Amino acid sequence: MLKIGVLVSGSGTNLQAFIDEIAAGNLDAEIVLVVSSRPDAYGIQRAEAAGIPTLVMNKTLYADPEAADAQIVAALQEAGAEYVFMAGYMRMVTEVMLKAYPNRVVNLHPALLPSFKGAHGIQDAFDAGVKFTGVTVHFANAEYDKGPIIAQEPVQVLESDTLDSLEERIHEVEHRLYPAAAQLIAQGRVVVGPDGKAHIKE
């Protein structure tokens, strides 16, 4: 069983999706630690309700991002986390974490990378008037939103869509795609090749 840490900053709906899929027997993993970048994040309550240990950070601790990541890495390692999943985590991870977990820090992005990188992927795609956007699961690396892509799923932008309705449908895909990608990792089927790309083994 894969032991994972989950990093959150907000409501934690993707954390909840992981908790639910583990409970349903669809994700062969155990969440050993939830790290929140903010003391007021609702994701902390979701973790506590599921009996998962938490580490709560704050803005002061992030004044030195590398020291903050060193503290997080120490807690993750002590908890036995083998992989780290960012779920709405609004801090860019530093080399400290990337070196501790090489090709084992996973991120979720609400657009089809390499399009619409950054913190406003849904808004940017909506404003651009594209017909399709989507969701990407990828390994994090030193370049923001540029790591090896594990899984993607397109989402059609409907003529009737508002930003809110598009966001809602993208989140629905996230809650399905992210645990499914985590299960591929749990099965040992995701490898990063010499070409720097993520490959899925049959």
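Trainee: What makes R91 count as lying over the face of Y62?

Mentor: In this predicted model, R91 is 4.2 Å from the ring centre of Y62 and lies over its face. The rule asks for NZ of Lys or CZ of Arg within 6 Å of the ring centre and within 35 degrees of the ring normal.

Trainee: Good to know! Why is the pair of F85 and Y178 called edge-to-face?

Mentor: The structure has three aromatic pairs. In the pair of F85 and Y178, the ring centres are 5.7 Å apart and the planes meet at 65°, so the pair is edge-to-face. Rings of Phe, Tyr and Trp (its six-membered ring) pair if their centres lie within 6.5 Å, with planes under 30 degrees apart stacked, over 60 edge-to-face and the rest tilted. F18, F85 and Y178 also form one aromatic cluster.

Trainee: Which parts does this pair tie together?

Mentor: F85 lies in strand β4 (residues 83-87) and Y178 in helix α6 (residues 163-186), so the pair links parts 93 residues apart in sequence. Helices (H or I, at least four residues) and strands (E, at least two) are DSSP runs, numbered from the N terminus.

Trainee: How do you know whether F85 is buried or exposed?

Mentor: Its relative accessible area is 1%, so F85 is buried. Buried means under 20% relative accessible area, exposed over 50%, partly exposed in between (1.4 Å probe, protein chains only). Y178, at 0%, is buried too.

Key
Residues are numbered from 1 along each chain as its sequence is written. This is a predicted model: local features need pLDDT of at least 70, side-chain atom pairs count only at pLDDT 80 or more; totals for chains, interfaces and linings use all residues. Side-chain values use heavy atoms; hydrogens and water are left out.
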